[in-house]
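Q: Hey, can you walk me through this protein? I'd like to start with how its parts sit together.

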Amino acid sequence: MDKLYNLRMRAAQGGSHEQGGTHISGGERITCFSNIQQVAMYLLEKGLTHCKGRPDFMQIQLESIPESVTYVQPLERWANVERFVKEGDTFLKEGKTVAFQLLEIIGIPKKVIDRAVEIVSQYSSMRGAVLIDAHSGKRLDDRGEKGVRVSRLDWLGNDFEKWARYYHVSANSRIREALALAAKVNNHPATIAELCWSDDPDYTTGYVASRKMGYQRIENIKTYGDERGCRIFFVDGQKDIRSYINYLENQPVLITWEG
Ligand code: WAQ
Ligand code: MG
Ligand code: MG
Ligand code: MG
């Protein structure tokens, strides 16, 4: 196979992230040499046209991938979660409530879900994810407001387009990136579940993902205009957290789908 390259982009407003600027947008892709320019243009546009605002700092980094690549299947079950409408009810159940019920089914204790809710409502411009112990709710990473950014991941070739056609899903880049991230994160045995809702004020669909339940997409997980959101990984705290974080940040993963 051709030599592969990882491209990552981060954009901020009010100075660089290191100077305390607000994170606007990030992105990561894996590509072969001949597509570097095209992928860099995609990341440039992603950072420049973000709904959170105009960045005044951006970095696009290219690195070759020396390590061997791990191939991972997308999560098996893809679902648009049906809203529970009780007879006589005139309103649909809030997306947030659906997310918590899914986490309970996966086996996350109620107090840990409550802790996750607190965390999500605390952050609005995180770059990475918050890692918490799935049994105690204790935070496991020491990255503060930065979080742990999963990198070196992408779909292989046009496998995403094939997947999207098969499942009648619009082949947009947001879904492409979310599915790849959920597949990489949940492929690791230390991940018990993932909760995601966007910090973008105009994007109100989130998801709960796990090996057990797949990718459960939840509409109206938050109200339009709300800038709060982040990702939370519910982790088996018995596992080696340093090697887990190393997998998330550094292990190159390509998502393949046979169809
Ligand atoms: N690694 C770790 N955490 C990340 C990463 C990453 N590579 N990218 C984003 N996050 C965290 C970070 O805290 C962000 O603030 C938060 O997730 C939300 O990121 O319709 O667009 O890019 O099926 O705003 C999911 C639903 C969309 C897709 C999620 O999130 C669908 C989204 P955003
Ligand atoms: Mg982003
Ligand atoms: Mg993103
Ligand atoms: Mg965002």
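Predicted model: local features only at pLDDT ≥ 70, side-chain atom pairs only at ≥ 80, totals over all residues.

Q: Which residues belong to domain 1 and domain 2?

A: The domain assignment puts 4-66 in domain 1 and 71-255 in domain 2.

Q: And how many residues does the contact take from each domain?

A: Domain 1 brings 19 residues to the contact, and domain 2 brings 21 residues.

Q: How much area do domain 1 and domain 2 bury between them?

A: About 1,700 Å², with 47% of it on carbon and sulfur atoms.

Q: Which residues in domain 1 lose the most area to domain 2?

A: Those are E28, I30 and K52. Together they make up 34% of what the domain 1 side buries.

Q: OK, switching to helices. At what angle do α2 and α3 pack?

A: Helix α2 covers residues 95-106 and helix α3 covers residues 110-120. They pack at an angle of about 140°, and their axes are 10 Å apart.

Q: So what do you call α2 relative to α3?

A: Oblique, because of that angle: angles over 145 degrees would count as roughly antiparallel.

Q: Is the crossing of α2 and α3 left-handed or right-handed?

A: The α2 and α3 crossing is right-handed.

Q: Which residues make the contact?

A: From α2, F100, L103 and E104; from α3, K110, I113 and V117.

Notes:
Residues numbered from 1 in each chain as written. Chains lettered and ligands numbered in written order. Heavy atoms only, no water. Axes fitted to C-alpha atoms, helices over the stretch in contact; angles between N-to-C directions. Helix = DSSP H or I, 4+ residues; strand = E, 2+ residues; numbered from the N terminus. Parallel < 35°, antiparallel > 145°, perpendicular 65-115°, else oblique. Left-handed = near helix turned anticlockwise from the far one by under 90°. Contact = heavy atoms within 4.5 Å. Domains from an automatic or database assignment. Buried area = accessible area lost by both parts, 1.4 Å probe.
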